[in-house]
Structures are given as structure tokens and as C-alpha cells.
Amino acid sequence: MPSGHQVTEAIAVSLAQSGLPPTKAWLDSFASTARLTTPLPALQKTALFRLLATDITTSVQPSTSNTLPSTALDPQVAEQRLPGPVVCQILDIEDVGRSRWSQIENLEAHARGETTKGREVVRVVPGELGENGAVPDASAADKSLGPHKLLLQDARGTRIYAFEMTRIEGLSLTTPIGTKLVLRRATIARGVVLLDPSSVELVGGKVDAWDKAWRTGRKDSLRARIGGAEDD
């Protein structure tokens, strides 16, 4: 039977292979609460699930290879390419292809556990979700139109905007805040990351407190902007 140290090392390697190398403090904390006699594949999945629910600025070990370069935010740099897998978390998401009212309605429907199927409103109940928590056969009417503008943050805490150049499956206004993604050889143009399916992988995750605060604040912000436009 492998020792506790060997088990934690195997977990660390598995997380690093997913682009999420854990800090020693996070790994020690996980090991102190996990049953290390559990089969390793199950432990690795549990560790990934828990890490995806954290703030990566405290749980992921930053390095020059997995964080944004120092020139990433420089608007004078016309174009640069990220060399390796860079893990980021989503702090904000905006669908620039939808009206403000439409975005409010989408957020409220999602909060009620509703989606749309054709023109019919379907209430989602436990047990009805499909693979990865998706609503079976949900139509595009419930999905964001895009393109999307994101505010990302890397493990060092650097924040950068990203823009969806080509449709990325799984990215919408219902994508949880705190979702982790890995950028691979993505292009940065004048301080903005250009996203396309070949350069980004949505890993998943959610930071509950952030997501709740964002959805509440987002609706208020959209309503305020609508009101301001009407006053003009």
C-alpha cells in the first residue's frame, strides 16, 4: 500500500497535469481532511473538484510558466502568444450580443431554475439534469448569443480581459463565476486575450460566494444602466 506521502504526490501530479498545480498548503489541507486509503482515482477526482471551488490565488502554485507574462497588460504590445498552459478563473462575464433586458431575464430564469425548450418554459428539478449538469435538449433560446467578454484572473492575481473570437462551447451567462479555464498558446493583442476553441479549455468549477454576489450585482448594474439610458 502506498504511503500517505506517495498518495499526496500522486494527487499533486494529477492536478498539475490538469494545469492546476496545488500549493503545498492547499495539498496539506486536503490530505488532512481526506481518507487517504480511498482508491487513488477517486481521491484525484475529489481533489480536483475541491480545488475548482477555490480561489486559485490561494490554492494554485504560481510560476512563470503557468501565469500571465509581465507584458500581458501592455497595450503597446501589438501581439504576443502565451507559451504554456496558463490557468485563470472567471471573475466577470458579459454577453455583448444580447440586450440588457434580455440578460436580466436570462439571469432571473436561471435563478428560478428555469430554462427554455423552444418557446416552452421548463422548470429544472433534481434528477432531470443531463451530463455535466446541462438541461437535456435545451434550445439556443436559453443560451448566450455571444460573443462574450470575460474578466480573468491568474494564480498571481493578475487580471486581464478576454474576448471570444470564435464560439466556445459551454461559455454563456450561466457559466459560474469562479469557473477555471486553461489557456494554451492563446494570443494576447494589446492587453486582451483572444479566445477560440483551440486555445482555451473550460475546466469547470465555481466559487459559490462570488457567483451569488455577481448574479445579484449584475442584475442591479444592468437595471441601473437601463435607467440611466432612459434618463438621457
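Let's start at Thr-23, which sits in the loop between helix 1 (4-17) and helix 2 (24-33). Helices here are DSSP runs of H or I with at least four residues, strands are runs of E with at least two, and both are numbered from the N terminus. Is Thr-23 buried or exposed? Thr-23 is buried, because its relative accessible area is 11%; buried means under 20%, exposed means over 50%, and partly exposed is in between, using a 1.4 Å probe and protein chains only. Not counting residues up to four places away in sequence, Thr-23 touches Thr-58, Ser-59, Val-60 and Gln-61. A contact means heavy atoms within 4.5 Å.

Before going on, a word on where this comes from: the model is predicted, so local features need pLDDT of at least 70 and side-chain atom pairs count only at pLDDT 80 or more, while totals for chains, interfaces and linings use all residues. Residues are numbered from 1 along each chain as its sequence is written, and side-chain values use heavy atoms, with hydrogens and water left out.

Now for the whole protein. There are six helices and 10 strands, and 38% of the 232 residues count as buried. Among the contacts with a separation of 6 or more, 72% are between residues 24 or more positions apart. The protein exposes about 12,600 Å², with carbon and sulfur atoms supplying 54% of that area; accessible areas come from the Shrake-Rupley method with a 1.4 Å probe, and for residues only the protein chains shown count as cover.

On to the inside. A nonpolar core is a set of buried Ala, Val, Leu, Ile, Met, Phe, Trp, Tyr and Cys residues joined through side-chain atoms within 4.5 Å. The largest one has 26 residues, and the members that touch the most others are Ile-90, Leu-150, Leu-152, Leu-181, Leu-183, Val-193 and Leu-195. Several elements each give at least two residues to this core, including strand 5 (148-154), helix 5 (100-111) and helix 6 (208-231). Strand 2 gives the largest share, four residues. Apart from this core lies another one, of 17 residues, with Leu-15, Phe-30, Ala-47 and Leu-52 among them.

Take Leu-150 as an example. Leaving aside neighbours within four places in sequence, Leu-150 is in contact with residues including Ile-90, Ile-160, Leu-181 and Leu-195.

Next, the charged pairs. Side chains of opposite charge can pair when their charged atoms come close. The structure holds six salt bridges, each being a side-chain nitrogen of Lys or Arg within 4 Å of a carboxyl oxygen of Asp or Glu. Here are some of them:

| Pair | N to O distance |
|---|---|
| Glu-164 and Arg-167 | 3.4 Å |
| Glu-201 and Arg-184 | 2.7 Å |
| Lys-206 and Asp-211 | 3.8 Å |

In the Glu-164 pair, Glu-164 counts as buried at 3% relative accessibility, whereas Arg-167 is partly exposed at 36%.

What does the pair of Glu-201 and Arg-184 tie together? Glu-201 lies in strand 10 (residues 200-204) and Arg-184 in the loop between strand 7 and strand 8 (187-189), so the pair ties together parts that are 17 residues apart in sequence. Glu-201 is partly exposed, with a relative accessible area of 37%, and Arg-184 also counts as partly exposed, at 33%.
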